[in-house]
Number of protein chains: 2
Amino acid sequence: MGRVSGHHQPQSSPSSAPADVAYLRSVLPSTTEDAFFEYLSTLDASEVTVSAVPEGSVVFARVPFLQVKGPLLVVQLLETMLLCLVNYASLVATNAARFRLLAGPDVKLMEMGLRCAQGPDGALSASKYSYIGGFDSTSNVLAGKLYDIPVRGTIAHSFIMSFTSLEEVQPRELLPRAGGDPVDLLALAMAWLQRVCELLQTPPERANRGELAAFVSYAITFPSDFQGLLDTYCVRRSGLPNFCAVALALQQLGYRAIGVRLDSGDLAQQSKEIRRVLRACGAHFQVPWFETIPIAVSNDISEQSLEEFIREGSEIDMIGIGTNLVTCPLQPSLGCVYKLVEVNGSPCLKLTEDEEKMTIPGTKMIYRLYDAAGHPFMDLMALEEEPSPRAGQELVVRVLGQLGETSKVVPTTVEPLHHTYFRDGQVCEPLPSLTEVRTHAQVSLSILSPAHRRLHDPQPYPVAVTEKLHQLLTTLQQASQ
Amino acid sequence: MGRVSGHHQPQSSPSSAPADVAYLRSVLPSTTEDAFFEYLSTLDASEVTVSAVPEGSVVFARVPFLQVKGPLLVVQLLETMLLCLVNYASLVATNAARFRLLAGPDVKLMEMGLRCAQGPDGALSASKYSYIGGFDSTSNVLAGKLYDIPVRGTIAHSFIMSFTSLEEVQPRELLPRAGGDPVDLLALAMAWLQRVCELLQTPPERANRGELAAFVSYAITFPSDFQGLLDTYCVRRSGLPNFCAVALALQQLGYRAIGVRLDSGDLAQQSKEIRRVLRACGAHFQVPWFETIPIAVSNDISEQSLEEFIREGSEIDMIGIGTNLVTCPLQPSLGCVYKLVEVNGSPCLKLTEDEEKMTIPGTKMIYRLYDAAGHPFMDLMALEEEPSPRAGQELVVRVLGQLGETSKVVPTTVEPLHHTYFRDGQVCEPLPSLTEVRTHAQVSLSILSPAHRRLHDPQPYPVAVTEKLHQLLTTLQQASQ
């Protein structure tokens, strides 16, 4: 598959701050002319124009994400910053999209990567672009606040471990949802624990009392949002009976528990056992919704974990993914490059022996060609002055990687891929909201043909050049021999 | 080997901002009591105490980096942020230290990871902690400005490609270093190019004119800091002759070129060829310093690249490392955990079947034990109330991983590893500067025994507990069965 593009949104372009110029003066050679620093202090992006694929678009190798025009010095200064803004954003959005494709549309995916990201701000980038790639929520509360991403978390092991006995539950009373007198939820849960343990044929004394105290305390505080973390002690003999007891006590008072979470062991297998127990409780105690209680899992989840869940047939409804999402261990970096393709109106070329690394010269128009089924089947680069390809019209093209031969294609639809977002120092097209970008990413992925979208051994997506562009390439190559 | 610890420096601890509390109110269940939000708005770190290993210390698995004491709610809120601050910082400092160990003390290491880091701020963390781990400089100018890290960069391919002919060199004159009339540096370099090409037996017309124009322009601007990027075109026939020509022209005016850089191909092999050419020029034109011109390399350098350089015997003096430094592909994350070890004065334990994951209960003192040669040979955890082990005195300990048996050791020196840096909401010990931390990291690494320090198959470093701490562990384990 391709990559989901992510760009930071351009800010306004103030000219260089005096402190920055002073710093540069302190590190540049003493022979540097004063006029240069004066020039730097007036530097801005007022002559820069940036066109780009819409944020969230699927982009294939060799197709430019961005085209940047402007004074050479200014656009060279932008190189590393633009690469920094595009590379990780696109990498993690793509990684998130892969998890989403594997998980299917219904499983909830929670980003939980803060602790392994490159510091607090690296983590914010991770949260934002994971959301664009198709995650549903983040555990990073600051990312929620700054970007309006839904925040989700669960109860912590240390919260449960901080309780050691039932005496620690203070207060014990909860008002029924429909009103009425407060009820001792602890006593009610204790009574339910007996009935649950009887049903499950597990000894009630094996259900950890500290854990029960923690669950009851949590339920009294958040009666409509009770979630049980099951694996601080034994899941089968402690976590699950304690959860069911508290959830059934809450149910008696009109509240529904919202889920359980597992953080260790064989997650797929355990999810099936938990579902059986929830189903058994639901049937026995006549609480039909009980069997649909969402099961959330975490614990170093990777693409491979998701594939195992599918293979084993799990009952998992929510997945929390941290390290393997934000550090992208399958490919820890995206190596976009920023190359000079035209200077003073003349297209140029960096020669290389590796055709795969060859730049495509000149200012280009980029078109995405769609087939009759609505799938994109080729991206085509053309010279700016060439007429746009037209729907239904045959095109003669050369596919990168097989430049020696021509191909003929007839697109059903033609879409110009780049939009000009920034012209003469100003944002000139409304920038989409985060939600719009997220939706665009999902749509871009969904219209790919299955052969291009599959994660393993996808069919290579052809990227082609027009005959005119190919002629320019050949001329420049010969000129620089 | 162990890991180099890195902590962000604690800031002052303001209580929660009203906007943060308002945001939490908007996302927490509507049943949450008002008193909780009022409590949150008064929350601060005034009851928190943090002890830690000095920043830059080598830390081994199972030894706590930090011990945090305070109200349970507050220290639980700190969990993810502390892990985020410690994990990546320590990971990238460790990765940098591995590169430093491989490169040896004399090779200059330049961090160049901005474009592949997790956004601009992730990149700043990468620069700071790579410097701590032993790098000499960064290409991230903002990191240089903020943290006072030396900045280094080189000429870019796009700068060279932006020149196509000698006419573009404006101005052409340079004043000799010792004063006098301005000299046409371009004419001088052209004359030297003839002589260099004759010596190297390469046709002068193959030396790219755009490249020569770029070199001359750069040299006129920075005559005392001229560096040549050799591989925009053919290194042997263009980059190297053009560089030597300009450097010899500069030399004639009293200036010394500061280096060359290679960014593609077989770097070790080419460095040897380049050194031969520099030596030949130095001898033939009687410029002795020419043969010591530093050779810098870049291009996806990894640990494996450094091992190849050593194996092939290279002439490389400076190495720029980006992606493989900041994304740590050999291990993209460091999985530190934050565990509850004592609550209300009682030590506690999270049971697990995996002895490697077992937490060590209670507030602990941690001692590093040194042998007579000055190498640390064991880290020892003891209960806070136990007397400190004394130099020269035999200790009975149990090594983690072999808890079933006791060992006897006699340390020559004993060092308490943790210092209290933050007490009751205040930094209570002077925090070291970045340079001091960097020095401490190099010293910590240098005193490791070679068996513990080697990168491949290092000897495991023993981490032990005292008999008393072992008894506590056993008691708690039995109690929770």
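Hi everyone, let's begin with the record: UniProt, in an unreviewed entry, lists residues 18–87 of chain A as "domain: Nicotinate phosphoribosyltransferase N-terminal". Such annotations may be inferred rather than shown by experiment. This is a predicted model, where local features need pLDDT of at least 70. Residues are numbered from 1 along each chain as its sequence is written, and chains are lettered from A.

Residues 18–87 of chain A are 49% helix and 14% strand, with the end C-alpha atoms 29 Å apart. Helices (H or I, at least four residues) and strands (E, at least two) are DSSP runs.

Now for some backbone details. Which peptide bond in chain A is cis? The one from Gln170(A) to Pro171(A), with omega near -10°. Pro171(A) sits in the loop between α6 (157–161) and β7 (173–174). In chain B, Gln170(B) and Pro171(B) are also joined by a cis bond, with omega about -5°.

Gln201(A) has phi near 55° and lies in the loop between α7 (185–200) and α8 (209–221). Gln201(A) counts as exposed because its relative accessibility is 73%; buried means under 20%, exposed over 50%, partly exposed in between, with a 1.4 Å probe and protein chains only. Asp457(A) has a positive phi of about 55°, in the loop between α14 (450–453) and β22 (463–466), and is exposed at 66%.

Key:
This is a predicted model: local features need pLDDT of at least 70, side-chain atom pairs count only at pLDDT 80 or more; totals for chains, interfaces and linings use all residues. Side-chain values use heavy atoms; hydrogens and water are left out.
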